[in-house]
Amino acid sequence: MGKPSREFFDQVRATTGFSPEQCLMVGDDVAVDVEGALNAGLQACLVRTGKYLPEDERRLPAGAQVADSLATLF
């Protein structure tokens, strides 16, 4: 079991005490991080670092955010 399975995100989120809507998954992979999180009911943000490629933004599902880096989110 791992990303992008819903069970993975549910297990991790359950350790926080927050509801899915209160959680934000930040990742550099559209399919694994962003789509996986959205499918589990979490918020999701693609960062333009790591594995990110400019064409990734064309594949983003509705509701996903984009940020230059983790630092720019705060």
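Predicted model: local features only at pLDDT ≥ 70, side-chain atom pairs only at ≥ 80, totals over all residues.
**View 1. Cys45 and Cys23, two buried cysteines.** Cys45 has a relative accessibility of 0% and therefore counts as buried. Cys23 is buried as well, with a relative accessible area of 11%. A disulfide is a covalent bond between the sulfur atoms of two cysteines. To be counted here, the two sulfur atoms must lie within 2.5 Å of each other, and by this rule the count comes to zero disulfides. Cys23 takes part in no disulfide, since the nearest cysteine sulfur, that of Cys45, is 14 Å away; seen from Cys45, the nearest cysteine sulfur is that of Cys23, again at 14 Å.

**View 2. Helix α2 and its buried residues.** Helix α2 covers residues 30–39, and within this helix Val30, Asp33, Val34, Gly36 and Ala37 are buried. These buried residues pack against α1 (6–14), β1 (24–27) and β2 (43–47). After the helix comes Gly41, whose phi is positive, near 85 degrees.

**View 3. Asp29 at the N-terminal end of α2.** Asp29 lies in the loop that runs between β1 and α2, and this residue caps the N-terminal end of the helix, with a side-chain oxygen 3.0 Å from the backbone nitrogen of Ala31. With a relative accessible area of 16%, Asp29 is buried. When its neighbours within four places in sequence are left aside, Asp29 is in contact with Val34, Leu46 and Lys51.

Definitions and conventions. Residues numbered from 1 in each chain as written. Heavy atoms only, no water. Buried < 20%, exposed > 50% of the residue type's maximum accessible area, 1.4 Å probe, protein only. Helix = DSSP H or I, 4+ residues; strand = E, 2+ residues; numbered from the N terminus. Contact = heavy atoms within 4.5 Å. Polar contact = N/O pair within 3.5 Å; in protein donor to acceptor, adjacent residues only side chain to side chain.
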